[in-house]
Amino acid sequence: LSPSDVDGLAVGSFSLAPDRAIDVAWKLGLRLRFLMEDNHGGAAGITMIDHARRAVEAGDASVILVVAGDLLGRAEFSRLIEDFNTTTREYLTPLAYGGPNALFAMVTTRQMQSYGLGREDYGAIAVAQRAWAAGNPSAVYRTPLTLDDYLDAPLVADPLCRFDCAPLVAGADAVVVTTGNRARRPVTCLACRAFHNVDQQDGDGLQTGIAQVAGELWNAAGFGPDEADVISVYDDYPAMVLAQLADLGYAPDGDLARLARQQIGTGSLAVNTSGGQLSAGQAGVAGGLHGVVEIVRQLRGEAHGRQIAGARNGVATGYGMIPYRYGACANALVLGRSR
Amino acid sequence: VILRVCRRCDLVAFPPRRWCPRCGGASWRRASPGLGTVESVTHVHQGFGITGVSRPYLCTVRLDAGPAVIATADPHLVPGAIALVSNVGGVLRAEPIREADATREAARVRTSKTGTDVG
């Protein structure tokens with residue numbers, strides 16, 4: 001493919017303003033039949049891919065570039081969190097809350113109480129993802145992390161310490177959505193479902209909208225969670241890794257400690273094999289596309305240094321956008337290697 | 001910084017919404033936060049705007065009136081404690097409350113509910 005083949009563009013970014021998707025198109029010289037923008041943070045990537053897939057299937061466009069990226073300095077990020085939405089501006093910023101870490105500290109405490117989890121359980125996730133990151137040259141944290149390093153890291157907002165929080169980076173992720181006959185080593189969208197604002201911010205934040213649609217998602221995919229060879233869950237915090245895996249059906253008995261230690265911790269469940277955002281870094285809206293790109297790489301056999309041998313199917317989730325207490329957007333995408 | 005009560009179905013909301021999430025009603029009256037149970041607490045050590053001298057304690061309180069709210073917290077509050085939440089200088093503040101005071105406060109709120117609009 002060359003740029004002149006591109007006839008569709010989907011863009012997600014917190015830091016693009018005052019430019020919009022059309023300005024990106026013009027600067028890249030793209031002439032388009034399909035154009036969209038979605039800035040719903042960690043959910044935007046999967047939403048844009050699903051819209052692009054529908055547009056290609058309907059014949060509206062044939063080659064759609066889906067790209068998400070951000071470049072936020074300290075001052076820009078500070079403005080973003082203070083003015084994230086009107087509710088934040090009026091009801092959180094006056095508390096000097098310091099950003100989303102404090103909110104997810106309280107979500108994590110609730111999860112620890114509800115499921116009998118300790119910091120070591122979250123540590124197992126952070127350590128395992130760092131081990132995967134060693135095979136990803138694009139990860140910002142690649143040196144091995146021990147459980148002691150995790151436990152001894154500086155406190156951010158108790159119980160969260162440094163390695164519970166995704167490091168802020170500048171970066172971007174992109175995929176091309178097109179028809180199977182145009183793609184080399186294509187990966188197919190098998191199923192996609194979303195559920196936003198599932199509980200009106202009145203729950204405990206320990207279940208996302210994915211729980212409501214997981215049954216439909218796996219039915220549409222034609223297989224269950226046990227047959228996904230690689231999994232990318234949106235990992236702004238380890239607690240949300242566990243929450244979304246449980247929503248997808250990976251903890252039918254509700255034993256999140258076992259899920260963390262025996263399955264994620266040992267690598268027997270291939271979760272966030274890029275290192276996830278916890279090790280690769282969180283680049284704003286790109287975070288919602290990061291996990292999808294990793295699944296695509298795995299299914300194309302291009303995840304050098306961390307390749308899951310013979311990976312045929314994978315699932316990615318998107319999550320985020322905090323109206324008040326925790327993320328309200330949630331979606332999931334099942335991908336398969338075309339035969 | 002005050003609760004909103006749906007005039008049609010009495011659902012209590014915080015922060016304010018345009019439409020009632022339960023019945024779709026668009027007319028609200030006001031109410032004070034009052035008592036609740038502390039769900040979780042965090043002491044924020046690092047963050048944007050956080051310095052050594054201003055490390056806030058924050059908590060989530062499930063109010064007896066219904067909604068879960070985020071407030072600055074007295075450092076002595078722990079999960080499970082009963083707290084009195086009020087508007088202090090334009091922000092929600094959760095303070096510990098003795099059991100006797102909690103009973104009296106709950107009785108006061110019950111009485112005031114028989115009135116019409118609060119605030």
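This is a predicted model: local features need pLDDT of at least 70, side-chain atom pairs count only at pLDDT 80 or more; totals for chains, interfaces and linings use all residues.
Strand β1 (residues 3-6) of chain B is joined to β2(B) by 2 bridges, and the two run antiparallel. Strands here are DSSP runs (E, at least two residues), numbered from the N terminus, as are helices (H or I, at least four); two strands count as paired if DSSP finds at least two bridges between them. Arg4(B) has Ala13(B) as its bridge partner in β2(B).

The open sheet has 3 strands in the order β2-β1-β3 (chain B), with antiparallel pairing. β2 (12-13) and β3 (28-31) of chain B sit at the edges with a single partner strand each, so one side of each has no neighbour in the sheet.

## Nonpolar cores

Which residues touch the most other members of the 50-residue largest nonpolar core? They are Phe104(A), Cys59(B), Val61(B), Val69(B) and Ala94(B). Helix α5 (residues 100-115) of chain A gives this core its largest share, 6 residues. Another core, of 38 residues, lies apart from it and includes Ile125(A) and Val233(A).

A nonpolar core is a set of buried Ala, Val, Leu, Ile, Met, Phe, Trp, Tyr and Cys residues joined through side-chain atoms within 4.5 Å, where buried means under 20% relative accessible area (1.4 Å probe, protein chains only).

Side-chain values use heavy atoms, without hydrogens or water, residues are numbered from 1 along each chain as its sequence is written, and chains are lettered from A and ligands numbered from 1 in the order written.

Chain B has a mean pLDDT (the predictor's confidence in each residue, from 0 to 100) of 89, and 91% of its residues reach 70 or more. Over residues 114-119 of chain B, pLDDT stays under 50. For the complex, the predictor gives an ipTM of 0.93 and a pTM of 0.95.

Key: Contact means heavy atoms within 4.5 Å.
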